[in-house]
Amino acid sequence: MSREMIQPGSTIGIIGGGQLGKMMALAAKEAGFRIIVLDPTPNCPCAQVADDQVIAAYDDEAALRQLGARCDVITYEFENIDYETLKKTAESAHVPQGAELIRVTQNRIYEKDAVTKAGVRVAPYKVVQNEADLKAAVAEIGYPCILKTARGGYDGKGQVTLRDEKSLTETRPLLVHGACVLEKMIDFAKELSVIITRNEAGETSLFPVVENIHHDHILHKTIAPARVDGAVQEEVQQIALQVAESLNLVGTLAVEMFLEADGTIYVNELAPRPHNSGHYSIEACSISQFGQHIRAICNWPLRKVELLKPAVMVNLLGQHLEKAVGQIPYQPEWSVHIYGKKEAKYQRKMGHITVLTDEIEETLLSLEKSGVWQD
Ligand code: ADP
Ligand code: MG
């Protein structure tokens, strides 16, 4: 079988040099690729393992052109890059994921439209441009609800939870930012997510359905596989397939969902890239989300994904880092990932821990007992 594929020894360009770029680069280096990362911060996490760095802003057209000229294929580690610049880059460089996926997923309004068009449910929502819209939307959706900026939010940034009329004053900074969406607060039983990968040849692979626990709107913990029955897992994977096909996915898509007690599933968010809730796959699966992503953008056949062992992944934020490092001597079963960010700021993702286990509940207790995550 002959196919156009990017050969080992070729150069992969990654736009964005945080932890996701770093873990993509590590997976790519394993297969003999060279890496050039584009990021404004010198010695960013990805640059620490890349062959070279272009130090420039994500929307610097000349820098992206340079990256395109020096690389055989271009990918990105996050969705908040400039759509127009990426589109232009794709005219002269090889960007198998295209720019359209970025256009849709960097704006919650387009994203919800796309998910709905794929025939999948999202939480009831209204587009809100100003205070008058907000009042009308709240009257329709009711409290509690969440206002989110359409663009630029991550880790709960750009969101305000509204529980009563008093909280309306907190929405001003969001509304001046531009268009927003007001969403009904879903009283979910669990948050679930799944990662789907597709290559240019149209082959698709799905990772196991996992369960996510957030603290302060930031992912805290992922449990793989999710503690839900097989029918729910199947429905979640079917939803991801439907969305990926409808978006003509190439590369990786993470689909975040809410599961209600009665079994109703809503799509919360899409991420067109490897995702924090997929980090467990580095140790727990036959291929990691990063390895599979690299295979997809290089148009290699995708590996069959198997969960080799259940796992728990816990994030290390700035306030956890020191305590986690102090635990290393006592926790030989912890796979310790430290991203190499310069400043351990409060609530900033600095690393994560993965534990493989056949006893999820016991492992959850022992992680808690370690004291690392007690604020
Ligand atoms: P981000 O881009 O910051 O990840 P999300 O929309 O995924 O934004 O929100 C972060 C977290 O906030 C979610 O994982 C969930 O825990 C909570 N959340 C967001 N929207 C809702 C909602 N409509 N109902 C209930 N919880 C929500
Ligand atoms: Mg999210």
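Reply: V336 counts as partly exposed because its relative accessibility is 34%; buried means under 20% relative accessible area, exposed over 50%, and partly exposed in between, with a 1.4 Å probe and protein chains only. This is a predicted model, where local features need pLDDT of at least 70 and side-chain atom pairs count only at pLDDT 80 or more, while totals for chains, interfaces and linings use all residues. Residues are numbered from 1 along each chain as its sequence is written, chains are lettered from A and ligands numbered from 1 in the order written, and side-chain values use heavy atoms, without hydrogens and water.

V336 sits in strand β16 (residues 335-338). Strands (E, at least two residues) and helices (H or I, at least four) are DSSP runs numbered from the N terminus. Together with V325, I328 and I338, V336 makes a nonpolar surface patch of about 280 Å². The areas come from the Shrake-Rupley method with a 1.4 Å probe, and for residues only the protein chains shown count as cover.

Now to W334, which lies in the loop between α11 (321-327) and β16. W334 and W373 form a tilted aromatic pair, 5.7 Å centre to centre with 50 degrees between the planes. Ring centres of Phe, Tyr and Trp (its six-membered ring) must lie within 6.5 Å to pair; planes under 30 degrees apart are stacked, over 60 edge-to-face, and the rest tilted. W373 is in the segment after α12 (360-369), so the pair ties together parts 39 residues apart in sequence. Both W334 and W373 are buried.

Terms used: Patches are made of residues with over 30% relative accessible area and no salt bridge: like charges are joined within 9 Å, nonpolar side chains (Val, Leu, Ile, Met, Phe, Trp, Tyr) within 5 Å. A salt bridge is a side-chain nitrogen of Lys or Arg within 4 Å of a carboxyl oxygen of Asp or Glu.
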